[in-house]
Structures are given as structure tokens and as C-alpha cells.
Amino acid sequence: MKGLSKSFHQGGREKKALTDISFSIEQGDFFGLLGPNGAGKSTLIGVLAKTVNPDCGEISILGNDINRDWRNFKMCVGIVPQEITFDPFLSVYETLRLQSGYFGLRDNNKWIDELLEVLDLSDKKKDSVMRLSGGMKRRVLIAQALVHRPPLIVLDEPTAGVDIALRHRLWEFMEDLNRKGHTIILTTHYLEEAERLCRRVALLNHGQVAALEDTQVLLKEYSKDRVIFALSAPLPKDFPFRCEKLPNGFYSMSYSGPEELRRLLEALEAVDLKPEGLELGKANLEEVFLRITDE
Ligand SMILES: Nc1ncnc2c1ncn2[C@@H]1O[C@H](COP(=O)(O)OP(=O)(O)OP(=O)(O)O)[C@@H](O)[C@H]1O
Ligand SMILES: [Mg+2]
């Protein structure tokens, strides 16, 4: 993507949804597109789907420009939208056959059956899509995005509102697609999910890229491991470690590595304080996210 911008005009007011977005995603990557509500994530995905027309900028997949090579571009990408939208009169199977038809695929039944199998929808094949539960509808949306076996798969909050078991299955499914060589772009508000799955993440804020890094690098730079503990008496003023005071006699301190943690415990012992309810928290994307969006 190069220099992508998009403004919406509503009620005489201009809303900049995307401002000068430029970055590229490597083939085979598992990429997280993160950001608060209204940051511009779905707008960016809309540009990929060509349902949103950018004011300026360029975008291409595997060398196919969205305007000049639209047919090839479209074959390269499968999009799982945030909103659930179906033709209410079709069965699951018909939905997928129709979608295949849009890509000129006549004999796609074997692949459709395979997709239904992995997404655990085989026994719903003949059911009307509108009668499915929310989680099942989401799985049909995923199958729909995959009928033409696109090298790039974009998922806009695929795990929003799905139960824990299905979420875990979807994680495995996405990881498996990625292992098979598909490039994945994932949007999610579950930062643990992004941390677990995404090798790289872009953090959008107010339509701009606020950070773009390897997940591990972001974690190192913006978040630290921390220890939380309670003390029965206050810390002395000249205590050698900087601890943050929390309510109810609790303290929090960030540390790097077990050596520093050991020295903290020794220092507490030296002033005759026994930490209670000791809890260790790992560096996490949630903290990274809050710090960057705050800044
Ligand atoms: N069709 C539209 N008309 C007017 N404004 C729009 C339209 N689509 C999006 N916007 C505005 O553009 C901004 C970005 O919206 P977008 O849906 O891309 O956010 P998002 O990052 O996907 O948020 P969420 O996490 O809530 O899904 C918002 O301010 C939104 O109100
Ligand atoms: Mg969105």
C-alpha cells in the first residue's frame, strides 16, 4: 500500500478514516491489524475488497494493481467481513457454490466439501444460512472467503462473539492456513490472540499507522514483565527499587529478568518486609497498545 487516504463526508463534516497509509506485508506473514474502534481497520480492509474507494494511493497484491489488474487482484485475496451478510434464501452449500461462481469456478464441490469438513459444517450443508447460530454463520463467512483458495486471507474480527472452543479451533485453522503458505491479515480486539498468532502487527490510530513492528520487538520496547505484591508495612523512603504504590497495600514493579527479581526479594528481606500475594505478570500487547494509543 502506498499513500492510501480516505475521507468520509457526512452531514457537511469531513471524517478522515485513513491518512497516508504506506506499508507492505511479506508473503507468508501472519499480520495483525490492530487499533481502537474507529481507527480505520475495516476501511482499510474495505479498500482491499474494493467496496471502499480511496481518495488517493496505490495498492497491489503479488504485483497485481487493484485497478489495472483487478481480476487477478481479486483472485489473490479472500475477505472475511466483520459484518455477517448472506443471501437469506440460500443454503450453506448454495452460498458457497454461488461464491465459487463469482470466481468462475464451476467444479469446486470437492474443495467446498473439504472446507465444510474442516470448519465442522458438513451436517449444516443443506440448512438455510439464516437459521445457523452466530458462530456457525461466521464459519460460513470464512468458508466463503476461501472458495477460490486465495494466497492472501483477510479476517476482520473473525473471533468476535464466538465461544471459547470455536475460538481455539479458529486459531488452529488460521495457523494451519498460514503454515500451508497463505498470508494472513487478522483484525482483532483480543490482544492475547494477536500476541499469540501475529508475527508482525500494525497499530492504527485515528487512521494513521502509529506503530508497525515485529510483535516481539513491540513487547520488548513498550512493555515489561512486572511483579505485584502486598506488604503489611509501607516501603522505606530509601528503598533501592522504584515501586509503584497500588491500593490496599499493594506494590507493583517492572523488572527485566529473574536476576533483578531476586535482588528485589533480597532487598525486601534486608528491610524485614515479607511480600505477600506475590504475582508475576508478563509483558503484553495490551500494555503496548495502551501506551502507544495514549502517546
Ligand atoms: N461508510 C461510511 N460513511 C461514513 N463514515 C464512515 C463509513 N465507514 C467508516 N466510517 C468512519 O470511518 C472511521 C473508521 O471506521 P472503521 O470502520 O474503519 O473503524 P475500525 O477500525 O474498523 O473500528 P472497529 O474496531 O469498531 O471495527 C470511523 O470514524 C467511521 O465512523
Ligand atoms: Mg472494523
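On a 1 Å grid over the protein atoms alone, a pocket is an open set of points with protein on both sides within 12 Å along at least five of seven lines, a cavity is a set where a 1.4 Å probe fits but cannot get out, and lining residues have an atom within 4 Å of a point. Grid points are joined across faces, edges and corners, and a volume is the space filled by probe spheres set on the points. This is a predicted model, in which local features need pLDDT of at least 70 and side-chain atom pairs count only at pLDDT 80 or more, while totals for chains, interfaces and linings use all residues. Residues are numbered from 1 along each chain as its sequence is written, and side-chain values use heavy atoms, with hydrogens and water left out.

**Exercise 1.** Describe the second largest pocket.

Step 1: the volume of the second largest pocket is about 310 Å³. Step 2: its lining has 16 residues, and those nearest the centre are Ile 25, Ser 60, Ile 61, Leu 62 and Leu 152. Step 3: two or more lining residues come from each of strand 5 (60-61) and strand 9 (183-187), where strands are DSSP runs of E with at least two residues and helices are runs of H or I with at least four.

**Exercise 2.** Describe the largest cavity and its lining.

Step 1: about 50 Å³ of space lies in the largest cavity. Step 2: the residues that line this cavity include Met 1, Phe 23, Ile 25 and Ile 185. Step 3: helix 1 gives the largest share of this lining, three residues.

**Exercise 3.** Work out how domain 1 and domain 2 meet.

Step 1: the protein chain is divided into domain 1 (2-214) and domain 2 (223-294), with bounds from an automatic or database domain assignment. Step 2: the domain centres, taken over C-alpha atoms, are 41 Å apart, and 10 residues of domain 1 are in contact (heavy atoms within 4.5 Å) with seven residues of domain 2. Step 3: the second largest cavity, with a volume of about 40 Å³, draws at least three lining residues from each of domain 1 and domain 2. Step 4: Leu 203 is one of the residues that line the second largest cavity, and helix 10 gives the largest share of that lining, four residues.

Key
Chains lettered and ligands numbered in written order.
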